[in-house]
Amino acid sequence: MRTLQVHFSNRQQPDQTLSPGVQRIVRHASGQVRLGDGSVGPLLLAQFCTDQRGVWLQVASGVRGIHVNGRPVRRMALLRAGDSVYADGTEMLLRGECEQLAQAPELPAEPGEDMRVLLRGVGGRHHGRSFTLDKPRIIGGDAGSDITIDDPAFASQHARLERHGERVLLRDLGSAEGSVVNGVPVRHCWLQAGDQVVLEGNHRFVLEVPLGPANAAQAFPELDEPAATVPAETAEMVRPRRQRRWPWLLLSALLLGAAISALLMFGAR
């Protein structure tokens with residue numbers, strides 16, 4: 001699993017690495033939201049739970065106002081690099097790794113033709129749409145762009161996605177602020193499977209690449225390693241609620257069966 005860091009947009013805390021285990025998001029009496037130290041005093045809002053399978057957010061019971069990428073979360077949310085977590089007005093950005101370039105390479109002579117390599121929209125206007133990268137794709141505000149960002153402040157030609165053999169390049173075309181990949185501001189960047197590209201704050205895309213043996217080993221190195229131990233309190237929070245309902249369902253079925261039997265016995269008389 002890639003290493004992720006929590007970056008506070010208001011810089012009230014230094015960046016902190018999400019290590020395996022549980023890291024609490026708490027609100028102190030002063031109103032400041034921080035990553036907690038496990039003490040009892042501060043109010044628990046939510047917590048990051050990390051193991052070799054990934055990172056998810058668990059919201060404390062009865063707490064409201066927790067959002068991921070602008071969407072409210074009531075109980076749980078699976079997270080990836082580049083996601084924004086809001087708690088009590090404080091933004092925590094999950095930053096991952098990205099391979100930035102000082103200067104983009106020349107255009108490839110033969111771009112890749114694998115139609116399964118694509119950019120999938122996961123937020124904003126293009127949520128749910130997919131764009132194959134069998135040819136270079138221009139992202140911009142111009143109506144003729146392959147991926148149009150309908151925003152007056154957005155550059156007519158912001159960036160271009162290119163296939164260079166088995167690799168995908170995000171090439172900046174002279175935009176004002178560049179792009180954000182896995183929570184990191186970039187200009188030119190090599191993209192990997194699962195990387196999240198964010199444009200203008202709410203337009204989100206994820207690169208999807210078919211997993212061959214080499215890509216699978218890189219994307220899921222934890223498959224050859226034992227899973228991290230999850231604390232008992234965390235396991236209790238993530239256990240699906242429906243597992244707790246089966247005793248009540250069984251009891252209801254028994255009571256219903258008894259009622260039907262009684263009706264048949266006394267009704268026959």
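Which residues have the most contacts inside the largest nonpolar core? In this predicted model, they are I25, F48, L57, L79, V85 and M92, within a core of 25 residues.

**Nonpolar cores**
- In soluble globular proteins, nonpolar side chains tend to be buried together.

- Six strands, in the order 14-13-23-22-19-20, make up an open sheet with antiparallel pairing.
- Strand 14 (130-132) and strand 20 (184-186) are the edge strands, each pairing on one side only.
- From one strand to the next, the twist averages 30°.

**Strands 13 and 23**
- Strand 13 (residues 118-123) pairs with strand 23 (residues 203-208) in the antiparallel sense, over 5 bridges.
- L118 has E208 in strand 23 as its bridge partner.

**Strand 22 and its neighbours**
- Strand 22 (residues 196-199) is covered on both faces: Q196 and V198 are buried on one side, and V197 and L199 are buried on the other.
- Strand 19 (residues 179-181) runs antiparallel to strand 22 and is joined to it by 2 bridges; the bridge partner of V180 is V198 in strand 22.
- Strand 22 and strand 23 are likewise antiparallel, with 4 bridges between them, and L199 stands opposite H203 in strand 23.
- The hairpin of strand 22 and strand 23 has 3 residues between the strands, and E200 takes a positive phi near 55° there.

**Surface positions**
- A nonpolar surface patch is formed by W248, L251 and L255, which together have about 370 Å² of accessible area.
- L255 belongs to helix 3 (residues 246-267).
- L255 counts as exposed because its relative accessible area is 56%, where exposed means over 50%.
- E106 is located in the loop between strand 12 (99-101) and strand 13.
- With a relative accessible area of 69%, E106 is exposed.
- E106 and H164 are 58 residues apart along the chain, and 9.6 Å separates their C-alpha atoms.

Methods:
Residues numbered from 1 in each chain as written. Predicted model: local features only at pLDDT ≥ 70, side-chain atom pairs only at ≥ 80, totals over all residues. Heavy atoms only, no water. Patch = residues over 30% accessible without salt bridge, like charges linked within 9 Å, V, L, I, M, F, W, Y side chains within 5 Å. Areas by Shrake-Rupley, 256 points an atom, 1.4 Å probe, with all protein chains shown as cover. Salt bridge = Lys/Arg side-chain N within 4 Å of Asp/Glu carboxyl O. Buried < 20%, exposed > 50% of the residue type's maximum accessible area, 1.4 Å probe, protein only. Core = buried A, V, L, I, M, F, W, Y, C linked by side-chain atoms within 4.5 Å. Pairing = 2+ DSSP bridges. Axes fitted to C-alpha atoms, helices over the stretch in contact; angles between N-to-C directions.
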